[in-house]
Amino acid sequence: MNASPITAVFDDFAPAILPPVLPESDVSYAVEDTAVGRLLLAVRADGRLVTSAYVADSDTEDAWLQRLSDHVSPRVLRHTRPLDTARRELAAYLSGKATTFSVPVDLVLASDFQRSVLDGLRARVGYGASTTYGELAAAIDRPRASRAVGTALGGNPLCVFVPCHRVLPAGGSVVGGVRNVGGYAGGPAAKEYLLTLEAGSSGGSRR
Amino acid sequence: MERLTGATHTGERGDSHNRTAYRFIIVSLPPFQTLVDAHWRDVARLAHALAGPNLGDDVAQQAWTQALAAYPRLTSARNLRGWLLTITHRCAMDAHRAARRTVAHEDPASLTAAPTVDGPVAHDDGLWARVAALPDRQREAVVLKYVADLDHRGIATALDTTPAMSRRLVSDALATLRLDREELR
């Protein structure tokens with residue numbers, strides 16, 4: 001019994017094939033290399049931004065895509081066009097030409113507490129300003145929850161667009177000539193970069 | 001990739017306008033893009049093998065569109081490749097039926113003849129033509145086995161039959177092809 005001559009023909013059978021062209025669906029995403037790091041941006045079909053997350057490696061990227069699949073819709077597809085507005089605004093912001101974002105956001109990936117923290121942050125802390133974890137906790141009527149606020153900000157699904165980089169530790173101490181800016185999803189260097197950019201002092205040259 | 005979270009009722013908070021909209025996730029499906037990236041070659045190969053190079057692209061495209069539409073309703077994340085190949089197979093059969101409906105029906109023989117599959121321009125001693133001339137079920141089974149690389153259980157699912165029947169169809173097809181080869185000598 002020798003079936004190899006038959007299967008060999010099928011192995012050679014490699015027609016010119018192209019990947020399918022699929023329409024934009026429930027969630028469109030793109031990964032963007034920016035001055036602060038690799039960012040995964042995702043929008044819903046209605047144009048609201050649901051994710052702007054630092055994805056240093058493909059594992060982190062997969063984890064965020066899985067979150068989108070579980071909590072928004074499994075119809076997650078790579079499409080750049082629906083993200084044009086967000087990408088343009090991000091580029092303008094990172095080059096210091098814009099101070100605000102007009103793209104609508106959707107905090108569907110945030111928990112209830114996270115949403116109250118992030119909404120409070122957006123309402124209270126403007127461009128170039130900063131606050132501390134304790135102050136923000138007090139501002140949302142949870143004065144003892146500064147650590148929880150820190151955790152909530154750490155899991156911010158909309159980095160940069162919801163400015164969690166404007167929240168600093170209370171001490172603000174200088175350790176070894178480096179300002180302690182606290183933790184950040186994109187790393188302390190990215191946080192420092194954004195703060196310097198917003199302070200308007202030679203934006204960008206400190207990186 | 002194919003993570004199954006069992007019956008963890010993760011309530012979605014819906015959009016901010018409509019907090020009452022809850023969607024209960026029974027299965028954790030991978031993002032659709034990972035399916036496309038992992039399996040588009042298999043789907044395209046199967047579509048070309050079943051429907052020929054003229055219809056192959058359309059069939060693959062149609063299969064992906066149908067899969068995308070049905071994806072959120074899937075109740076199991078197991079064997080997503082098999083699911084996609086089954087859809088592709090169904091689309092190819094639909095394409096054959098549509099092609100038969102559109103041909104001129106003056107010649108009644110064209111109704112009973114097996115749909116012609118234009119084979120690749122390969123030095124195969126006309127094997128491809130003989131595969132195309134096999135009875136429908138045998139051709140489908142043999143293509144699913146050797147082009148789509150499905151096992152007999154997968155073929156049985158795609159053809160809506162039993163694994164034993166799939167084994168039989170493949171073996172009959174191979175026997176016919178071998179016989180043809182003997183005659184040629």
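**Figure 1. Pairing of strands β1 and β2 in chain A.** Over 8 bridges, strand β1 (residues 27–34) of chain A pairs with β2(A) in the antiparallel sense; two strands count as paired if DSSP finds at least two bridges between them. Strands (E, at least two residues) and helices (H or I, at least four) are DSSP runs, numbered from the N terminus. Tyr29(A) has Ala42(A) of β2(A) as its bridge partner. The model is predicted: local features need pLDDT of at least 70, side-chain atom pairs count only at pLDDT 80 or more, and totals for chains, interfaces and linings use all residues. Residues are numbered from 1 along each chain as its sequence is written, chains are lettered from A and ligands numbered from 1 in the order in which they are written, and side-chain values use heavy atoms, with hydrogens and water left out.

**Figure 2. Strand β2(A) and its pairing with β3(A).** Strand β2 (residues 37–44) of chain A is largely enclosed by the rest of the structure, because 7 of its 8 residues are buried; buried denotes under 20% relative accessible area, exposed over 50% and partly exposed in between, for a 1.4 Å probe and protein chains only. Strand β3 (residues 49–54) of chain A runs antiparallel to β2(A), to which 5 bridges join it. Leu40(A) has Ala53(A) of β3(A) as its bridge partner, while Val43(A) stands opposite Leu49(A). The hairpin formed by β2(A) and β3(A) has 4 residues between the strands, and Gly47(A) in the turn has a positive phi of about 90°.

Figure 3. The 4 strands form an open sheet in the order β3-β2-β1-β4 (chain A), with mixed pairing. Its edge strands, β3 and β4 (76–78) of chain A, each pair on one side only. On average, neighbouring strands are turned by 25° against each other, direction ignored. Helix α1 (residues 32–70) of chain B lies across β1 and β4 of chain A and runs at about 75° to β4(A). Axes are lines fitted to C-alpha atoms, for helices over the stretch in contact, with angles from 0 to 180 degrees between N-to-C directions; contact means heavy atoms within 4.5 Å.

Figure 4. Over all chains the structure holds 0 disulfides, a disulfide being a pair of cysteine sulfur atoms within 2.5 Å. The closest cysteine sulfur to that of Cys164(A) is in Cys159(A), at 4.6 Å, which is too far for a bond. Cys164(A) is buried, with a relative accessible area of 5%. In chain B, Cys91(B) is buried, with a relative accessible area of 0%.
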